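The sequence and structure come first.

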Amino acid sequence: MKTIGIICEYNPFHTGHLHHINSARADRDTVICLMSGNFTQRGEPAIADKFTRARAAVASGADLVLELPFPFSSASADYFAGAGVAILDDLLADEINFGSESADREGLLSLARASATPEFDEEYKKILDREPNLGAAQAYFRALACVGGEALPSNDMLGLAYFRAALRIGCEEKLRVTKREGADYGEKKVNGQNHPSATAVRALMLDGDARAFELMPPPAAKALQDANIANAKNLERAILAFFRLADPCELEKCAEAGGGLAHRLVSAAKRSCSLEEFFESAAAKRYTDSRVRRAVLYCMLSVTPEDLTAPPAYLQLLAANEKGRAELARIKKCAHIKIVTKPADAEKLSPRQFALSARADALYTLAFDTPRAADEYIKSSPTVI
């Protein structure tokens, strides 16, 4: 019997996620899911709130769901993976399992080692110096190729980041890879595959299409059918107003907003009349779409680069079953990081992490068709099955 850790978003939980859990676990194993909160890694609001998504996960096979703290949950791959791997290692997970397009564990580990060398760092810097408008992501791919790395499927870039994070703290032996089945990562439509992409399921949910729930395990569908659906479109006026009135020089101090991006966002807001137009206007070759969206979120919530390099101070319990509660009791005796069951109790552990989380949750309450109170999630309780 062992404890398996999974870093996830479950946005929303679908049959592919159930396949991953069932493939990773054996009889009597305990599955801990470290799940993004109300905003995901792309800087977008999750389709349903964190407590609802955690309830769907535990109803469908997970034993314990803890929140990957903000702002790490909305960070670029290295920060997202770094926080997730370090937390699960501290929680004494015997195995950290993730889905992969290639499922090539040794290949990913080899690439991670190559990208951790001075040669890689030097090549990366040279590429950016030669082509400053290239963008960090493309420079990364080119530098990786120069040190012997091959092209990776898009979903495997996060797997590479997991191995890089594990190498930094010496827990790479814990990482295991499960072959990703079904639709391609990011596939926007349901095309009859056994397991759809979360992107396609979200699109159906946003359209009010009941077929979305047929693509989930029945317990997850039951938990999500009556959930309030969040839509980034509902944040349109808040985002445009914020950036139209902002001082770009002040925004440059925020994480992901340097290098001229803060000024682009302010200018884009002043000439845009919709969220779609805003993102299109702010886009540039050197910035990925995800980078722009994360910068928008971090500017609005005053996230600094120092917030991303500080270690997570606590974890929020979101949901647990009987086995998960037993695991939680064991963790609390052994782990260094604190786990809180009531959101309001977290402030004394880390006023800064609590403040950032509260801001993110308050903004998220405006993403529903009918806005909710700003303190909605500070008053919420975890699901115990």
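This is a predicted model: local features need pLDDT of at least 70, side-chain atom pairs count only at pLDDT 80 or more; totals for chains, interfaces and linings use all residues.

Residues are numbered from 1 along each chain as its sequence is written, and side-chain values use heavy atoms, with hydrogens and water left out.

The table places two residues in their helix (a DSSP run of H or I, at least four residues) or strand (E, at least two), numbered from the N terminus. Buried means under 20% relative accessible area, with a 1.4 Å probe and protein chains only.

Contact means heavy atoms within 4.5 Å. Beyond four places in sequence, histidine 20 touches Ile6, Asn97, Phe98, Gly99 and Thr178. With the same exclusion, the residues touched by glutamate 67 include Leu34, Met35, Lys50 and Ser357. The side chains of glutamate 67 and lysine 50 also form a polar contact of 3.1 Å (N or O atoms within 3.5 Å, one able to donate a hydrogen and the other to accept it; residues adjacent in sequence count only if both atoms are side-chain atoms).

A nonpolar core is a set of buried Ala, Val, Leu, Ile, Met, Phe, Trp, Tyr and Cys residues joined through side-chain atoms within 4.5 Å. The largest has 75 residues, and Tyr10, Val65, Phe243, Leu265 and Phe278 touch the most other members. Helix H14 (residues 289-301) supplies the largest share of this core, eight residues. A second, separate core of 47 residues includes Leu68 and Ile127.

How values were computed:
Buried means under 20% relative accessible area, exposed over 50%, partly exposed in between (1.4 Å probe, protein chains only).
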